[in-house]
Amino acid sequence: TGELRCGMNSVPWFSTYNYDEWRWVGFDVDYCRALSAALFSGDPTRVLFVKLTSSQRFNALASGPVDVLSRTTTHALARDILEPTAQVGFAFSAPTYYDGLTYGGVAG
């Protein structure tokens, strides 16, 4: 389509829509812009941000409205094999953020 469609949600410091500047800002937003630059000869602006809820994210990725999810998503083996809501498996990249549960040593 000539652009990267990136699924987002609003999480302070990670992905927030700044109404004063009329643009998305944050860590996950910058990740999508970096992917756009890698895909489109250094152009970080060829990205469309699609706001998704938690319940929409995997179905949107599976059915095509978004190309990638750059949002709070826990990587789990079950999601690699068969994610329950979308009923398909997904490939995960390396984690970009570890929360406190990662360090607690408690598996859920």
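In the predicted model, Arg5 is found in strand E1, which spans residues 4–8. The side chain of Arg5 makes a polar contact with that of Asp67, at 2.6 Å. When neighbours within four places in sequence are left aside, the contacts of Arg5 comprise Leu48, Gly64, Pro65, Val66, Asp67 and Val68. Val68, for its part, touches Arg5 together with Leu4, Cys6, Gly7, Leu35 and Leu61, residues up to four places away in sequence again not being counted.

The strand that carries Arg5, E1, belongs to an open sheet of three strands, which are arranged in the order E4-E1-E5 with parallel pairing. Strands of a sheet pair through backbone hydrogen bonds, and this pairing may be either parallel or antiparallel. The edges of the sheet are formed by E4 and by strand E5 (68–69), each of which pairs on one side only. Between E1 and E4, which run parallel, there are five bridges, and Gly7 has Val50 as its bridge partner in E4. Helix H1 packs on this sheet and touches E1, E4 and E5, while the direction of the helix makes about 165° with that of E1.

The largest nonpolar core consists of 10 residues, namely Leu4, Cys6, Met8, Trp24, Val29, Cys32, Phe40, Val47, Phe49 and Val68. At least two residues of this core are supplied by each of E1, helix H1 (27–39) and E4, and E1 gives the most, with three residues. Another core, which lies apart from the largest one, is made up of five residues, including Phe58, Ala60, Val66 and Leu69.

A search of the whole structure for aromatic pairs finds one. This pair is formed by Trp24 and Phe49 and is tilted, with a distance of 6.1 Å from centre to centre and an angle of 45° between the planes. Because Trp24 lies in strand E3 (residues 23–25) and Phe49 in strand E4 (residues 47–51), the pair ties together parts of the chain that are 25 residues apart in sequence.

Definitions and conventions. Residues are numbered from 1 along each chain as its sequence is written. This is a predicted model: local features need pLDDT of at least 70, side-chain atom pairs count only at pLDDT 80 or more; totals for chains, interfaces and linings use all residues. Side-chain values use heavy atoms; hydrogens and water are left out. Helices (H or I, at least four residues) and strands (E, at least two) are DSSP runs, numbered from the N terminus. A polar contact is a pair of N or O atoms within 3.5 Å; within protein, one must be able to donate a hydrogen and the other to accept it, and residues adjacent in sequence count only if both atoms are side-chain atoms. Contact means heavy atoms within 4.5 Å. Rings of Phe, Tyr and Trp (its six-membered ring) pair if their centres lie within 6.5 Å; planes under 30 degrees apart count as stacked, over 60 as edge-to-face and the rest as tilted. A nonpolar core is a set of buried Ala, Val, Leu, Ile, Met, Phe, Trp, Tyr and Cys residues joined through side-chain atoms within 4.5 Å. Buried means under 20% relative accessible area, exposed over 50%, partly exposed in between (1.4 Å probe, protein chains only). Two strands pair if DSSP finds at least two bridges between them. Axes are lines fitted to C-alpha atoms, for helices over the stretch in contact, and angles run from 0 to 180 degrees between N-to-C directions.
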